[in-house]
Amino acid sequence: MKKIWLLFGLVLLAGVAAFFFPSVASFIERAFLALDTSTRLLVKLAIVGLLAIVAASLLSPLEALGWWAGWYGDSVETNLSPVTLQHPIAPNETISRYVIYLDGIGQADFTYMPEGEEFLDALAKALPDDIAIIRGIMPYSVLNRSLTSDRPFAWFWRLADQMRLRKPGNVLGFLINIRNMLTVSVSADLRYGPIYNRGMAQLMYNSLVNYGYQPGSGIPVTLVGFSGGGQISMGSAPLLKEALNAPIDVISLGGVFCGRNNSLKLEHIYHLAGDRDTVQRLGAILFPRRWKLFMLSYWNRTKKHGQISLLSLGKTVGHQNPGGVMDSQAFLPDGRSNLQNTVDWVSGILKGELPPPETLPTPQVGNYERYQVGAFNHPSYYPIQPFPPSRNYRSIAPWVGRLILPKPEERQQGSVWFEVHHAPDAYRDWVGKTVRLRWKNDPALKARNRSVLRDVHFNDDARLSLKQGIIHPERLNGWRLVDPLESLAGARPLDDMQVMLTGDVTIAGTIAGTLKETTKETTEETTEETAAGISEDSGLNIYIAECPTKIAGQYYALVQFIEPLEVESAEKRSIGQLYRVRHFNSSSRQFDGEEDRVLLPQVIPDGNDISASSTKDLERSPCNESGWYIYGAVNRSGQFVVQAIAPRALFQLQPGREIVGAKAAMNYLKTESWSNLEAKKGTVSATLLKTHGHRAGIAEWTEGTRALLVHNYGGIGGKKREPAAQGPVYFGHFSYGTAEVVREPLADELQFDLVYYQVYAHNGSGLLSCRHHWTSYMGDRQWGFLGIRPVCDLLIKLDSFTGYYAINAKQLSPLDRVVEQLDLMMARYRIGDGTGATYVGPANNCAQDSNQALYAALRNMVASSHSNSELRHWMQTHPEIASQLKQLERLGYSLKRDLLPFGMARADWKEHQERLGSSMEDSPIRQLLTGLGSWRTMLPRVASDAIARSFTRQGASVWVLRTNQVGGSDPDIEPIAPMGL
């Protein structure tokens with residue numbers, strides 16, 4: 001074989017030399033005539049062979065072009081070809097994943113070479129029954145026709161195949177490889193590749209549907225491509241993903257492929273090759289898009305995003321047999337055959353039993369690590385108790401607990417462990433238990449969650465960011481198809497996420513002795529100790545329909561701070577400050593209730609030496625007169641530890657000022673609300689804006705009323721000015737949330753309950769992109785912003801947007817749609833769409849992506865009212881609903897005009913883009929232009945004003961809640977307003 005290739009090479013070299021240097025042609029001719037007769041014959045045959053290869057190269061795209069042009073007729077049914085399953089699917093089996101195998105360039109018909117058959121047999125035995133393997137696809141024919149049948153030269157290919165089987169090194173048999181190799185080049189070609197790859201994607205689509213796949217079901221699909229099958233997989237996978245709307249990844253076994261296919265759309269690419277595999281290296285050499293020089297090629301960008309794993313099958317493993325990736329007679333030093341090694345890798349990937357990811361870099365000490373110095377910041381500091389400390393305290397919610405990320409071997413997708421800290425009276429015996437927290441079995445909910453499932457593989461940006469002290473979901477690195485619950489539980493290095501469950505909460509199971517009970521002696525090793533020994537067969541499950549909400553503190557009380565108490569020793573003073581407080585008396589409605597002692601821990605300063613809260617002169621705060629809500633839990637010493645505080649005056653439905661009229665309202669927002677901040681330091685204010693009608697608009701805000709919360713914060717100035725505020729302007733931060741009017745039982749009065757939906761990039765403090773109760777995001781004394789930042793929260797009420805539509809016995813609300821979209825965006829941010837890090841740039845940031853969720857919700861709601869015939873009929877018989885939907889449509893147009901000043905919706909706002917902005921290298925000019933297309937949302941305060949203007953045009957009423965570095969006195973900081981226009 002080597003002699004034949006040498007002869008082909010000499011002939012080719014001679015032809016090239018004669019073409020470029022005509023003077024040597026006569027020399028080559030004399031040399032040829034000097035050869036003996038048999039050698040001249042071989043040279044002539046080599047020339048004919050080279051000409052045949054050139055002709056075949058020119059004709060290789062013909063079949064794909066014919067398929068595209070319809071030359072073969074519309075009757076071609078690719079799903080009726082001999083595509084089969086490796087093993088039949090059992091009647092009652094639910095398939096969790098489909099695998100499509102694409103063989104190498106040696107494939108001539110629908111069966112494989114012996115090593116390929118052996119590989120599939122071994123792989124099928126290693127996989128569970130719920131993974132279906134589809135085989136029999138001819139990846140080198142867009143019509144799925146074998147070479148050995150239904151072709152004019154089928155007799156020749158049958159002969160070549162037979163000769164190859166008798167003698168693997170036969171020259172005639174090697175022509176099959178050359179023919180299929182040319183087809184691989186068609187798939188990689190810029191001109192013909194899109195056509196060929198679309199045809200192969202159509203073939204795979206039909207094959208999947210033929211074996212029970214439901215497009216849109218979200219069931220993942222994996223393409224396993226050997227050698228040239230790697231290029232066919234890479235070329236067709238992005239198109240197949242678009243058609244199926246499901247997660248798709250590729251496993252390349254010594255694959256040879258180009259770098260021009262849009263691999264960014266795929267979940268992950270696993271490239272497995274032996275160190276002696278010289279064939280697969282040709283792809284990295286022959287295709288320039290895989291060279292490091294072309295940094296912006298799809299391959300290099302995908303690699304940078306962390307979506308590619310290059311895995312070695314061993315130092316002695318080559319490409320094809322003998323010694324290839326499927327050789328059962330070649331063995332590794334550990335005693336396994338090459339075949340078994342390959343099967344172990346592939347089956348491990350398919351089952352989610354990935355090899356341990358590369359060791360992540362040791363991070364610098366960030367704020368999150370700094371805060372761990374304080375014992376009060378650890379869950380183990382607070383023993384679990386089923387009752388409040390006294391009758392003056394209430395639980396923050398019926399279900400309160402701690403999220404715990406399961407170990408990989410305990411993993412059940414769509415569930416995490418939940419350590420119950422508080423439960424309704426009927427389930428009080430659950431307190432202290434650790435149970436499964438699962439999603440409710442709702443098809444719509446499951447479909448939404450499936451849309452954000454991603455494999456998590458940290459990219460270079462995540463590794464660098466982690467090294468700089470930024471908190472990333474390290475424990476999820478290497479996990480497949482991470483669920484929103486898992487990303488929430490695993491977002492931090494420790495299991496310290498205390499949450500409350502809201503919405504529809506159902507339970508299943510009864511207490512059994514096999515379930516681990518959390519004791520009062522829980523150690524600080526929360527991640528290791530709590531998760532160990534949890535029994536999965538206990539049958540205890542909690543089912544939720546909403547993502548858990550992060551909170552600070554389990555119980556709360558309403559108090560006035562009377563005075564700080566002297567602490568006996570310096571050691572105790574370093575722990576915190578004891579305060580004498582007096583509880584609110586609901587009978588007298590004064591703070592003349594029982595006295596108590598509470599502990600306010602000494603919070604840990606951040607890297608800029610700024611403490612999130614202070615106890616200095618807390619009893620002299622202007623907010624102390626109307627009282628404080630204190631949130632926390634009891635420590636081992638029996639002291640109530642104050643983890644969060646909230647000024648009661650901020651939440652009462654008692655505006656300090658009412659402004660009527662759209663012009664006056666907007667003037668207040670743009671000029672007054674953020675003016676003279678230094679004088680307002682330490683105070684809170686509540687202003688009610690009513691653009692239509694008269695004063696006393698508070699009457700509209702009854703119990704159960706909901707509002708859209710628009711949040712904007714400013715910067716930290718003064719002696720301890722934060723680095724981000726060192727310049728002449730400070731941009732601030734933007735987010736959405738919800739507000740609901742509730743009756744607070746301790747004060748027995750109507751108040752606002754606020755929840756933030758923070759679309760927040762990864763940061764050094766471990767502030768998460770998730771639902772935050774006010775206590776977590778603002779009031780938390782260690783992590784919150786109440787004491788250090790000026791904040792403006794707009795609570796916008798517009799019945800057509802914040803209310804419910806009772807349509808055909810269903811309760812629909814645009815505000816709920818916004819919440820759904822924000823939940824999805826926050827889940828994507830937590831894992832950086834699988835890269836481990838969220839990039840913030842001109843086109844993607846907290847304000848831009850939050851408003852994308854608002855735009856998508858309004859657009860979908862209005863589109864449904866036009867496209868749904870049943871809904872249109874309902875509107876005709878219920879004109880009041882039709883009027884509200886018209887107002888909603890006008891609101892959508894107004895928001896589009898205000899947020900998108902050029903009048904065109906961004907493409908990623910029309911429908912969710914596949915990937916968050918991951919790097920300015922990804923089409924930097926386009927990113928800048930995209931960001932400018934919605935430039936107002938690049939500036940948080942400007943975005944807030946624009947949204948308020950759009951809503952007030954439609955008659956909305958707005959509460960403006962302002963806080964200005966509230967709590968104890970800190971003379972070293974001053975409030976800075978965010979930049980406006």
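# Close-up views of a predicted model

View 1. In strand 20, Val-642 is the residue opposite Gly-632. Strands, like helices, are DSSP runs numbered from the N terminus, with at least two residues (E) for a strand and at least four (H or I) for a helix. The model is predicted: local features need pLDDT of at least 70 and side-chain atom pairs pLDDT 80 or more, whereas totals for chains, interfaces and linings use all residues. Residues are numbered from 1 along each chain as its sequence is written, and side-chain values use heavy atoms, without hydrogens and water. Seven bridges pair strand 19 with strand 20 in the antiparallel sense; two strands count as paired if DSSP finds at least two bridges between them. Five residues lie between the strands of this hairpin, where Gly-638 has a positive phi near 85 degrees. Strand 18 pairs with strand 20 in the parallel sense over two bridges, and Leu-599 faces Val-641 of strand 20.

**View 2. Surroundings of Ser-621.** Ser-621 lies in the loop between strand 18 (595–601) and strand 19 (628–634). Its relative accessible area is 7%, so Ser-621 is buried. Beyond four places in sequence, Ser-621 touches Trp-628, Gly-682 and Gly-967, a contact being heavy atoms within 4.5 Å.

View 3. Strand 6 (residues 269–273) runs parallel to strand 7 and is joined to strand 7 by five bridges. Ala-273 has Ser-312 in strand 7 as its bridge partner.

View 4. Leu-282, Ile-285 and Leu-286 make a nonpolar surface patch of about 300 Å². Patch residues have over 30% relative accessible area and no salt bridge; nonpolar side chains (Val, Leu, Ile, Met, Phe, Trp, Tyr) are joined within 5 Å, like charges within 9 Å. A salt bridge is a side-chain nitrogen of Lys or Arg within 4 Å of a carboxyl oxygen of Asp or Glu. Areas come from the Shrake-Rupley method with a 1.4 Å probe; for residues, only the protein chains shown count as cover. Leu-286 belongs to helix 10 (residues 278–286) and is exposed, with a relative accessible area of 58%.

Technical notes
Buried < 20%, exposed > 50% of the residue type's maximum accessible area, 1.4 Å probe, protein only.
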